[in-house]
Each structure stands twice: as C-alpha cells, then as structure tokens.
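Reader: Could you take me through the salt bridges of this model, and say where their partners sit?

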Amino acid sequence: MSSSGGLHSLATIIKRLEAATSRLEDLANLPQLPVGASSFQNASNSSASAEPTPVPPPAGPPSATVVPPPAPAEDPRSVKAYNELVIEGKLKPFVELTKSFAGASVVEQVGLLEKEYLDLREVLLVAAACKKPDQKGFEKLLAPLQKDIEAISRAKEANRKDRDWFNHLSTIAEGGTCVGWVAVEPKPAPYVGEIRDSMQFYGNRVIKEFKEKDPKHGEWVKGYSALLEELRKYIVEYHTTGLVWNPKGITVEQYQASSSTTAPAGGAPPLPPPPPGPPPPPPPPAAAPASSSGGVAAVFAELNRGEEVTKGLRKVDKSEMTHKNPALRAGSTVPSSTGPSAKQAACADGKKPSKFALEGNKWMIEYQENESALTVENVEINQTVNLFGCKNTTVIVKGKANAVTLINCTKTSVLIESVISSVSVTNSPSFALQITGSAPTIQLDSTDSGQIYLSKDCLAVEITTAKCSSINISLPVEGEEDGVFNEQPIPEMFMTTIKGGKLVTAAVEHAG
C-alpha cells in the first residue's frame, strides 16, 4: 500500500515538472525585449485608452488681409438735387440737342459750358463738406470757374468770322457767366435771372433768323433758357442767401488732401510705388535773350498782331516827306521830329478815347468798341444813360432810368429794364433794343435797320419815327412762354390826301 502511494506522488511531480518545462520553453521562444520595454509598453497601453490629440498642420504663408471696400460716400442732398435737376434734367439734353444740328464752333463752346457746370458741382461738393475759407482760399477755389468763363468767351471771339453761328456763340457766352452766383450774397438767384434775360437778347436774334428755316434753333434757345431758369430755381431752394457752407466741416485744404489720397474704388490696398526711374534729362539751356533786332520770330510775332501792328505808327508831316523835299533826298537823311503834338498823340491809334463814367446824374458811355456786356449797375430814377459813338457793343442798363439815348452808334445793342420818360435813338444804324420792363415812349430819328423787343408790360408804349427804314417791332405772343415773339414792321410808305382843306396821311397797306 505504501509503495503504490509513493509512486502516485512521484508521477504527479513529474507531470508538474513537464508542465513547468513546457512553459519555460515557450517563454524562451519569445523575442527578446530591450531593457525598459515593459515600462514603454505599459505607457503605451495606458495612453491608448486616451483620445489622441490631433497635431496642428504646419503654418502656411501668411495670407493677405482682405480689406472690405469702403462704402461710397453719399452725395449731400443739395448736390444730389443739382445732379438731378440741372445736370441730368437740363444740361445733358441741351448738349445732345446742340450736337444734333449745330456747327463745330458751337459744339466746342457748349462742351466748355458742360465742363463749367461740372466744375460748379465740385465747388458745391467742397462747400457741403468744408467750412467757409478766407477770401484768398475762396478765390483759389473759384479759379477753375474763372478759367471756364474765359474759355467760353475766347471761343466766341475766336469764331467771330463764323457769321452763321455767331449769334449762337454770343448766346452761350452771355449765359456762361451764370456760375458767378457762388460769389454773390445775399441773393444770388436774381443774379442768374439777370444773366438769363441778357442771354435772351442774343437768343431772340437766333429765333428771328431761323424762325422760317429750322425750328431746332428756336428749341435750342428755349433749352438754354430752361437750363438757366432751372439753375435759378435750384439756387432759390438750396442756396437762398448765398453759397451754403458746412460750419462743422473740415477745412478746404484738408478736403483736398483727403481727396488726393483716397484709395481707388474697389477697396484694394494701394500698390507699392514703382522703383525709381532713370534720372530726368538735364533741363534745356535757357534761351538766349533776344537781340535788339528781335530776329525772325519777333518779326512774325509783330505780323500776327494783324491791324494792331500799325497802331504805333505816327503820321508823317509834309516837311518830312522826301518826295516833296528834294533837299532831304540829297542829304539821304530825314530830321527827327521834335516831338509829337498833343493832337498827334491823341489820334495816334486812329480812334478817340473811350469813356464809361457817371458825371453828375448822367452816365456817359462813349466810343466803346467790341464790348460784349458793358453793365450799368443800379441806375436811379433821376439818372440818364447816354451812348455816343459806340460800335459793335452791348450795354445792359439795370434799374429804372430817367431816359436812355443812342447817338451815332453802329451795331449797338441795349438791354433796358425800365425807363420813366423815353428811349431815343438817333443816327444809329443796325441797332437793337430790348425792354424787359416798361417805357412810355420810343423815339427814332434818321436811323436805318433796327430791331426792338418789347415785354408784356411795355405794350402801351408810343413809338415815333422820322426818316427811318427797316424798323421791326417784336411783340410777345399772348399765351406763350417768354422768348416767343411776333415780328411786325413799322410802315415806311405813306399816302397823303386832302380832305376839307387839310392834309390827311395814312400808312399804305399792301395786300397779299
């Protein structure tokens, strides 16, 4: 019994040893791990349960900052109204009408007029954003408008030979000074109204000349008149007492500086400046001072003066003429004059000195030539206006005068508001007279060819004529707008009969 029990125990031990050996063999066959691998494996196992932290992507190149485009500055209400009422409403249709039929000289001049109105818009923008500047700064601001007025006037004078369109050019030039209202206080609107009335003087000539030829010319005059009238209404609405400034605004200098540095539309940042270019070429050498003789260029410059080149010449006295003095021919010299006489000095240029002055209660306007708009301001009821020896001149009389007279004037035009006693025209051919107010009497004597325009307030006038011919009276048409006239001639042929021992004279009427 004891021997069988010991064998059973020994067999059990052997089996356990075999199991242990098998286990050890399995362990021996595993791959060798480096020292510390177990700790690394434990760390890996512990971190495997945690959420992996994403690795941020590598930083790319910095992207350009996109600046949103600034919202466009909104025009002030007064400038918006100017754009809609004046520029879009009247100016552009007038420009298009001009291009449809007018000559090149008129189209060019109207282009200058369009630029003038756009420059006026810039002044309105500055006034809406800025405080009122001092007088010097204000004059600098108005310099472009002054240049525009001068350019329009030069366009008229440069095309004086263009007879077919000269009345059109004069019409535009007469109304071109309307932008001067920005410097008028306290009531600029009446200033524009006066300019419109003055323009109408030449506009009536256009209407009269082309009434039966082409109705577009009459529409053109009405379109220009409507433009000036719309400007006047705009001023009444938005600039009643003068150009309105912004008392809380910036200075004109700051406005101009900000305008020059404003980024272009679209909001893109300004491009870097280009690399410096090559140095500028050296300035040309200064022109040598003209020699005493003047050279060929000086000769041509003198010739280009036209008729004025002879104004400085004096009349040669008979004692200095070689063909009448043989002794002078023999000596080959002409003695210099001891000096011009007073009469020679006064008549050196061939015409008498002009005058425009108030002497006592008389306005004396004498020997004026080629003046487009001589203006007599604020005439009083005790003053008279006297024109003598004027030629190709337009005179505007503002206010109510006692009387107006024209004597020995040629191609002279007079625009009058009102007269208390009479308007007298004597020996003044090719005159033109327009009365916008009233006058009781018009007297014409020894005058050929004249045109008289009357207003609705002047229809009670009495017109007397003596030794006159080709006198036409233009009467306003009832029910029509201003500027529409019906022309009627003053009779020139009369028939005298004897009735009851007395002479009875009546105008001869031609039938048909």
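Predicted model: local features only at pLDDT ≥ 70, side-chain atom pairs only at ≥ 80, totals over all residues.

Residues are numbered from 1 along each chain as its sequence is written, and side-chain values use heavy atoms, with hydrogens and water left out.

Reader: How many salt bridges does the structure hold?

Author: A salt bridge is counted where a side-chain nitrogen of Lys or Arg lies within 4 Å of a carboxyl oxygen of Asp or Glu. By that criterion, the number of salt bridges in the structure is 14.

Reader: Which helices does the pair Arg 196 and Glu 229 tie together?

Author: The closest N and O atoms of this salt bridge are 3.4 Å apart, and both residues are buried, a term for under 20% relative accessible area, with exposed meaning over 50% and partly exposed in between (1.4 Å probe, protein chains only). Helices (H or I, at least four residues) and strands (E, at least two) are DSSP runs, numbered from the N terminus. The partners are 33 residues apart in sequence, so the pair ties together helix α8 (residues 188–210) and helix α9 (residues 215–238).

Reader: What is the relative accessible area of Lys 208, the salt-bridge partner of Glu 487?

Author: Glu 487 and Lys 208 have their closest N and O atoms 3.8 Å apart, and the pair links strand β12 (residues 485–489) with helix α8, 279 residues apart. Glu 487 is partly exposed at 35%, and Lys 208 is also partly exposed, with a relative accessible area of 37%.
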